[in-house]
Amino acid sequence: MTECGCNGDSEKMILIYACSGAANVAEIADRAARKIAGGGCATMFCLAGLGAGIPGMIQTARDADMNVLIDGCDLDCAKRIFERAGVSHYRQIKVTDYGIAKGGEPVTDEQVQVIVDKAEEALAAK
Ligand code: SF4
């Protein structure tokens with residue numbers, strides 16, 4: 001378990017999702033979400049379940065105190081899934097907003113940490 005930097009409130013149900021697509025920026029989103037979940041700041045939840053319209057999973061997102069979405073790029077797949085599911089209380093972080101280009105470059109630990117830090121800022125602001 002990594003150290004948690006979000007000043008988390010264990011009484012709240014905080015869920016984190018990553019777009020987890022094929023692109024490098026999606027890998028960064030996925031790795032960052034897993035790192036945050038490993039630190040205990042949030043519970044990672046399956047975005048694909050919401051995309052598939054599984055009622056119980058959509059309800060879980062509705063019931064959460066906060067949903068944090070990490071999208072890789074401007075196509076905003078996670079955000080769009082939330083909008084289609086009618087779940088409006090979320091905060092979105094986008095990897096390409098932080099100087100990381102979508103492309104074929106290998107993902108680095110430093111890039112993942114940039115997004116972990118941004119997501120933890122969002123969590124700390126809850
Ligand atoms: S948001 Fe961008 S990187 Fe993520 S799954 Fe969608 S297209 Fe791929």
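1. A residue counts as buried if 20 or more other C-beta atoms lie within 10 Å of its own, as exposed if 12 or fewer do, and as partly exposed in between. Keep that cut-off in mind, because it decides the case of Ser20: this residue has 20 other C-beta atoms within 10 Å, so Ser20 is buried. Note also that this is a predicted model.

2. Start with the overall build. The protein chain holds 5 helices and 4 strands. Read from the N terminus, its elements follow the order β-α-β-α-α-β-α-β-α. The C-alpha atoms fill a box of roughly 35 × 30 × 20 Å along the principal axes.

3. Next, the packing. For 126 residues, a compact globule would have a radius of gyration near 14 Å. The protein chain has 13 Å, which agrees. Of the 126 residues, 37% are buried.

4. In general, strands of a sheet pair through backbone hydrogen bonds, either parallel or antiparallel.

5. E3 is mostly covered, with 5 of its 6 residues buried. On one pairing, 5 bridges join E1 to E3, and the two run parallel.

6. Ile16 has Val68 of E3 as its bridge partner. Val68 in turn has a bridge partner in E4, namely Arg91. Asn67 stands opposite Tyr90 in E4.

7. Two loop residues call for a check of the backbone. Most residues other than glycine have a negative phi. Ser20, in the loop between E1 and H1, has a positive phi near 50°. Asp76 is not a glycine either, yet its phi is positive, at about 55°. Asp76 sits in the loop between E3 and helix H4 (77-85).

8. Is Asp76 buried, exposed or partly exposed? Asp76 has 16 C-beta neighbours inside 10 Å, so it counts as partly exposed. Ser20, by the count of 20 given above, is buried.

9. Now the ligand. Its surroundings include Cys19, Gly21, Ala23, Val25 and Ala26. Asp71, Gly72, Cys73, Leu75, Asp76 and Cys77 are also part of the shell. What kinds of residue make up this shell? It divides into 7 nonpolar, 2 polar and 2 charged residues. Asp76, with its positive phi of about 55°, is one of the residues around the ligand.

10. Last, helix H5 (residues 109-124), where Asp109 is found. Asp109 has 9 C-beta neighbours inside 10 Å and therefore counts as exposed. How far apart are Asp109 and Tyr90? They are 19 residues apart in sequence, and 26 Å apart in space from C-alpha to C-alpha. Tyr90 is the residue in E4 that stands opposite Asn67.

Definitions and conventions:
Residues numbered from 1 in each chain as written. Predicted model: local features only at pLDDT ≥ 70, side-chain atom pairs only at ≥ 80, totals over all residues. Near = placed C-beta within 6 Å. Nonpolar A, V, L, I, M, F, W, Y, C, P; charged D, E, K, R; others polar. Rg over C-alpha atoms; globule rule 2.2 N^0.38 Å. Pairing = 2+ DSSP bridges.
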